[in-house]
Amino acid sequence: ALAGEGEPRAGAWLRADPVHMRIDRDAVTLHDASMLEISRAEADAIVATLQAHFASDGLAFHAPAPTRWYVRVPAGELPVTTSLAAARGRNVFGLLPRGPGRINWSSAITEVQMVLAQHPVNRERETLGRPLVNSVWFWGEGETPPRIAPLYADVYSDDVVARGLARLSGAALHAVPQSAAGVDLVAKSSTALVVLGALTAPLHRSEVDRWRTAVLALDEGWFRELGPAIERFDRVRIVLPAESATRIATLTPASRRRWYRGRKPLPHA
């Protein structure tokens, strides 16, 4: 992710993403930044406060984007963590980071919550009736490898992790085009990865209308173009990731025989 941000990345790092922790009876449920709509000014103010508070522990907070925060940690202090995707919507008890070093990461999260409880940004958000940025979630621990093996010649993505993988592997990096017609390959044997993430944020925020609009755009720009894409590239692989039972479909020219069966637009499938 740091490579995708185009940021310096020497040393050991964690994601330290802003989250909202909601107390529900005997549980504390984690909600990610998709529901917070954090501004650049709010992120800068909170990160500056966290940096001042944790400087003596050797932690260096950094926020290249309002909803994507990072922290560099001293050598030997990386904890074992639970990814944000796995913790989202769940009770955080039992999911907190654990480390072998001097830093007690569970206590560090408690300290973050205490610092943020009275932060001016949250006092203002509370006045406006907006959810509070009342914690961070540490995850994604590791050190950036200098380079990884290339899998694709071209990567089309706005996702920071996919962009980082492209940069580390030497793939050509592009913005996501409006349709499959915008994907091009430098050679017949080349491969390209396109990451279509428009459904993620509205799904996490339960915004049905926005999600449906994004689905219609995907159907119009991408799935209706699969026939011509198969002719151009010989093979198109579609990956629908999920926490379990990820679906993968590989389409070849032989698949076009099925194209004339009765079909429905994606939102009605």
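Reader: What is the handedness of the crossing of α2 and α4?
Author: In this predicted model, helices α2 and α4 cross in a right-handed manner.

Reader: At roughly what angle do the axes of these two helices cross?
Author: The axis of α2 (residues 40-54) crosses that of α4 (residues 105-117) at roughly 125°, and the two axes come within 11 Å. The helices are therefore oblique to each other.

Reader: Which residues in α2 meet which residues in α4?
Author: From α2, the residues in contact are Ile46, Thr49, Leu50, His53 and Phe54. Their counterparts in α4 are Ala108, Glu111, Val112, Val115 and Leu116.

Reader: And by class, how many residues in that contact are nonpolar, polar or charged?
Author: The contact of α2 with α4 has seven nonpolar residues, two polar ones and one charged one.

Reader: Turning to the sheet, what is the order of the strands?
Author: The order is β7-β6-β8, in an open sheet of three strands with parallel pairing. Strands β7 (172-174) and β8 (192-194) are at the edges; each has a single partner strand, so one side of each is left without a neighbour in the sheet. From one strand to the next, the twist averages 15°.

Reader: How many bridges join β6 to β8?
Author: Strand β6 (residues 154-156) is joined to β8 by three bridges, and the two strands run parallel.

Reader: Which residue in β8 is the bridge partner of Asp154?
Author: Asp154 has Ala192 in β8 as its bridge partner.

Reader: Finally, which strands does helix α6 lie across?
Author: Helix α6 (residues 160-169) lies across β6 and β7, and α6 runs at about 155° to β7.

Key. Residues are numbered from 1 along each chain as its sequence is written. This is a predicted model: local features need pLDDT of at least 70, side-chain atom pairs count only at pLDDT 80 or more; totals for chains, interfaces and linings use all residues. Side-chain values use heavy atoms; hydrogens and water are left out. Axes are lines fitted to C-alpha atoms, for helices over the stretch in contact, and angles run from 0 to 180 degrees between N-to-C directions. Helices (H or I, at least four residues) and strands (E, at least two) are DSSP runs, numbered from the N terminus. Angles under 35 degrees count as roughly parallel, over 145 as roughly antiparallel, 65 to 115 as roughly perpendicular and the rest as oblique. A crossing is left-handed if the near helix is turned anticlockwise from the far one by less than a right angle, and right-handed if clockwise. Contact means heavy atoms within 4.5 Å. Ala, Val, Leu, Ile, Met, Phe, Trp, Tyr, Cys and Pro count as nonpolar, Asp, Glu, Lys and Arg as charged, and the others, Gly among them, as polar. Two strands pair if DSSP finds at least two bridges between them.
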